[in-house]
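Reader: Hi! Could you walk me through this one?
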Amino acid sequence: MKKFLIPVVFTLCAFVMTSAMVADGAITREGDAVVVDTKTIVKGVVGYNGSTHVKIYIKKDKIEKIVPQPNRESPQYFAKAKKVLEKFKGKSVDKASTMKVDGVTGATISSDALTKTVQKGLKYYKEQR
């Protein structure tokens, strides 16, 4: 009887955790990556012209990539600012969520906003694990 209950309990726990992740839409799965969408969870962080939301792709507890979402930043400045996102690539969630990242010259406000958005998204992810 115990041999039967262990897989059932494990499956139910996995189902409940997955359901909770999808409930607010902020954390989803794409293939074998967990995706954190900061749009619904990061408030009050603004770049030069508004919010700078991203999708953070996490695989095996490391940042795989970060994809900026549509925003109202000036395209020429945002192209510079989003270079800051490469500094997170390959880092563990724990390291990336606390590391100090210098702003990008010529787009400091937007790059600082991106850094804060990423780190708040990672903090949320860690709280949900």
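Predicted model: local features only at pLDDT ≥ 70, side-chain atom pairs only at ≥ 80, totals over all residues.

Reader: Great. Where is Glu73 placed?
Author: Glu73 is in the loop between strand S4 (62–68) and helix H2 (75–81).

Reader: And which side chain of opposite charge is nearest to Glu73?
Author: That is Arg72, 6.9 Å away. Glu73 is buried yet has no salt bridge. The cut-off for a salt bridge is 4 Å between a side-chain nitrogen of Lys or Arg and a carboxyl oxygen of Asp or Glu.

Reader: What does the Glu73 side chain reach, then?
Author: It reaches the backbone nitrogen of Gly50, at 3.3 Å. The side chains of Glu73 and Ser110 are also joined by a polar contact of 2.2 Å. Leaving aside residues up to four places away in sequence, Glu73 touches Gly47, Tyr48, Asn49, Gly50, Thr52, Phe78 and Ser110.

Reader: Nice. Switching topic: how many residues are in the largest nonpolar core?
Author: There are 25. Residues with the most contacts inside that core are Ile56, Ile58, Ile63, Ile66, Phe88, Val118 and Leu122.

Reader: Which element gives the largest share of this core?
Author: Helix H4 does, with five residues.

Reader: What does Leu122 touch?
Author: Not counting residues up to four places away in sequence, Leu122 is in contact with Ile56, Ile58, Ile63, Val93, Ala96 and Ser97.

Reader: Now charges. How many salt bridges does a search of the whole structure find?
Author: Five. One of them pairs the side chains of Lys59 and Asp32, at 3.3 Å from N to O. Lys59 lies in strand S3 and Asp32 in the loop between S1 and S2, so this pair ties together parts that are 27 residues apart in sequence.

Reader: Are those two buried or exposed?
Author: Lys59 is partly exposed, at 27% relative accessible area, while Asp32 counts as exposed at 52%.

Reader: Which other residue forms a salt bridge with Lys59?
Author: Glu64 does, with the closest N and O atoms 2.8 Å apart. Glu64 is partly exposed, with a relative accessible area of 28%.

Reader: And what about Asp94, which residue does its side chain meet?
Author: Asp94 meets Arg129 in a salt bridge, 3.7 Å from N to O. That pair links distant parts of the chain, with Asp94 in helix H3 and Arg129 in the segment after H4, 35 residues apart. Through salt bridges that share partners, Asp61, Asp94, Lys126 and Arg129 form one network.

Technical notes. Residues numbered from 1 in each chain as written. Heavy atoms only, no water. Helix = DSSP H or I, 4+ residues; strand = E, 2+ residues; numbered from the N terminus. Buried < 20%, exposed > 50% of the residue type's maximum accessible area, 1.4 Å probe, protein only. Lys, Arg positive; Asp, Glu negative; His and termini not counted. Polar contact = N/O pair within 3.5 Å; in protein donor to acceptor, adjacent residues only side chain to side chain. Contact = heavy atoms within 4.5 Å. Core = buried A, V, L, I, M, F, W, Y, C linked by side-chain atoms within 4.5 Å.
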